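User: Please take a close look at a single part of this model. Describe that part and what lies around it in one connected account.

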Amino acid sequence: MNTATKSILGQMPTPAAAAAVAPSSTKLVASLMLAAGVAALVVITNQMIDTWAETHVVAAWLALWAVAALAIGLLRGVTRALAQNLMTGLDSWSAQVARRRADERLWAMAQTDSRLMSDLQVAMDRAVQDKAPAQNLETLMTRRASRMVRDRLYYI
């Protein structure tokens, strides 16, 4: 019996495991879209051959099955591509929303914590700086003032 305890890091999914989850959801969405497309085509075909189907029941049944089989073959690639594009778009949207929320929470915390605010200002100064570092304090303060005005970080 293994009594060794695992750390929390040992339980977190690896990037490979997280990537393995995405295709299954893409396949599910593709399957649902394929089923909806095939059902729509079968219903449209049934409405078109409704008057003819009253006298030729077996032929109408065979025609509906043929339409369903052809629709599966034709729509399979289209629905797979649409599902991949949809899932990629949703993943990027949710990541963008998560980044925005994290930035908002960090900014709200920085509003109340002067140490965190100074760290953020130093990080933003470093990100905005030109390739060459400031040679003197006046240049550094000019850059900081221009960044504060540009990003509206001043307080009244």
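The 56 residues of α4 should span 82 Å at 1.5 Å a residue, and its end C-alpha atoms lie 76 Å apart, which agrees. The expected span is 1.5 Å times one less than the number of residues. This is a predicted model, in which local features need pLDDT of at least 70 and side-chain atom pairs pLDDT 80 or more, while totals for chains, interfaces and linings use all residues. Residues are numbered from 1 along each chain as its sequence is written, and side-chain values use heavy atoms, without hydrogens and water.

Helix α4 covers residues 57-112. A kink of about 45° is centred on Leu75 in α4, the bend being the angle between axes fitted to the seven residues ending there and the seven starting there. The protein has 6 helices and 0 strands (DSSP runs: H or I of at least four residues, E of at least two). From the N terminus on, the order of its elements is α-α-α-α-α-α.

The buried residues of α4 (under 20% relative accessible area, 1.4 Å probe; exposed is over 50%) are Ala60, Leu64, Ala68, Ala71, Thr79, Ala83, Met87, Val97 and Ala110. An α-helix has 3.6 residues a turn, so residues three or four places apart point the same way. Across the 156 residues of the protein, 15% count as buried.

Thr45 belongs to α2 and is buried, at a relative accessible area of 15%. Leaving out residues up to four places away in sequence, Thr45 touches Leu64 and Val67 (contact: heavy atoms within 4.5 Å). Thr26 also belongs to α2 and is buried because its relative accessible area is 13%. With the sequence neighbours up to four places away set aside, the contacts of Thr26 are Ala83, Gln84 and Met87. Leu28, likewise found in α2, is exposed at 53%. Between Leu28 and Ala83 there are 55 residues in sequence, but 8.7 Å in space from C-alpha to C-alpha. In the protein, 48% of the contacts between residues at least 6 apart in sequence join residues at least 24 apart.

Helices α2 (15-48) and α4 each supply at least two residues of the lining of the largest pocket. A pocket is an open set of 1 Å grid points where a 1.4 Å probe fits, with protein on both sides within 12 Å along at least five of seven lines; lining residues have an atom within 4 Å of a point. The largest pocket holds about 160 Å³ of space, counted as the space filled by probe spheres set on the points. Its lining comprises 10 residues, and Thr26, Lys27, Ala30, Ser31 and Arg80 lie nearest the centre. Helix α2 gives the most to this lining, with 6 residues.
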